[in-house]
Amino acid sequence: MIIAVDGPAASGKGTLAAGLADHYGLPHLDTGLLYRAVGRAVQGIEEGPEFVARAIAAACSLDAKALGDRDALTTAEAGAIASRVAVIAEVRAALFAFQREFATQPGGAVLDGRDIGTKICPDADVKLFIQADSKARMERRARQLEGRGLAVDRYALYHQIEERDARDMLNPHGGFYKADDAHLLDTTQLSIEAALRAAIAIIDRTMALKAGGQ
Ligand code: CDP
């Protein structure tokens, strides 16, 4: 079974996808980490031809080991630079094979990101699109960062998330929208546990309907 989980920044899709992977005993890939790892390779380089060339080279030679340093990759700054390399078509093309291979492993997988249901796994068995309002998303990300002992300026973080959302939505190579056959789950008012229960209910219902041939 392939489960695709998409949604905007800090919508809770990563936590939800990890919970689903655990529940169904499937491997999980947080595809945002791929873009963050590529972003890390061009940190400090001004945007221009060198930035683009280095980002493409990093995407082409990306090693799964580069995804291990989660704390360094999940800072707000790493998110901002990830969304800058994510607009480069060759970067997206280079990361496609990695994601596709993960998705199609025997038994299936859970992938979360922005374009899983639209571009990476249009054939996924179940697609979820996770939404939450911007303030709730900012607050969640702030608590996550504070939980790691980092100081957070909520005003700056809110604007950083809005700016990244805008860049993502305008990404000409993106596919960052809800697939027609994705189930919308708004988690603004839901705890992590409640969101997970709701997602499991959607998945079980969808798979039961499929098994019944409907
Ligand atoms: O966790 P959060 O939603 O804040 O970010 P993320 O999922 O780690 O993604 C970081 C950035 O990578 C996004 O803002 C996108 O620009 C890019 N990304 C993408 O282009 N395609 C994906 N499948 C996942 C992330």
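## Ala156 in helix H9

Ala156 lies in helix H9 (residues 154–169); helices (H or I, at least four residues) and strands (E, at least two) are DSSP runs, numbered from the N terminus. The model is predicted, so local features need pLDDT of at least 70 and side-chain atom pairs count only at pLDDT 80 or more, whereas totals for chains, interfaces and linings use all residues. Residues are numbered from 1 along each chain as its sequence is written, and side-chain values use heavy atoms, with hydrogens and water left out.

Ala156 has a relative accessible area of 37% and is partly exposed. On this scale, buried means under 20% relative accessible area, exposed means over 50%, and partly exposed lies in between (1.4 Å probe, protein chains only). Met138 is 18 residues from Ala156 along the chain, and the C-alpha atoms of the two are separated by 9.8 Å.

## Confidence

The mean pLDDT of the chain is 93, and 100% of the residues score at least 70; pLDDT is the predictor's confidence in each residue, from 0 to 100. Confidence is highest in strand S1 (residues 2–6), at a mean of 98, and lowest in helix H4 (residues 70–73), at 86.

Ile2 is found in strand S1 and is buried, at 11% relative accessible area. Leaving aside residues up to four places away in sequence, Ile2 touches Ala103, Gly108, Ala109, Cys121, Ala124, Asp125 and Val126, where contact means heavy atoms within 4.5 Å. The C-alpha atoms of Ile2 and Gln105 are separated by 9.4 Å, although these residues are 103 apart along the chain.

Ala10 belongs to the loop between S1 and helix H1 (13–24). Its relative accessibility of 7% makes Ala10 buried. Phi of Ala10 is near 55°, a positive value in a residue other than glycine. Most residues other than glycine have a negative phi.

## Packing of H5 with H9

Helix H5 (residues 76–85) packs against H9 with the axes 10 Å apart and at an angle of about 15°. Axes are lines fitted to C-alpha atoms, for helices over the stretch in contact, and angles run from 0 to 180 degrees between N-to-C directions. H5 and H9 are therefore roughly parallel; angles under 35 degrees count as roughly parallel, over 145 as roughly antiparallel, 65 to 115 as roughly perpendicular and the rest as oblique.

The crossing of H5 and H9 is left-handed, meaning that the near helix is turned anticlockwise from the far one by less than a right angle, with clockwise giving right-handed. Ala76, Glu77, Gly79, Ala80, Ser83 and Arg84 of H5 meet Leu157, Gln160, Glu163, Arg164, Arg167 and Asp168 of H9. This contact has three nonpolar, three polar and six charged residues. Here Ala, Val, Leu, Ile, Met, Phe, Trp, Tyr, Cys and Pro count as nonpolar, Asp, Glu, Lys and Arg as charged, and the others, Gly among them, as polar.

The axes of H1 and helix H10 (residues 192–211) are 10 Å apart, at an angle of about 55°, which makes H1 oblique to H10. Their crossing is right-handed. Residues in the contact include Leu16 and Leu20 of H1 and Ala199 and Ile203 of H10. By class, the contact of H1 with H10 has nine nonpolar, three polar and one charged residues.

Helix H2 (residues 32–41) and helix H6 (residues 89–103) have axes that come within 11 Å and cross at roughly 135°; H2 is thus oblique to H6. The crossing of H2 and H6 is right-handed. Leu34, Tyr35 and Val38 of H2 make the contact with Val91, Arg92, Leu95, Phe98 and Gln99 of H6. Six of these residues are nonpolar, one is polar and one is charged.
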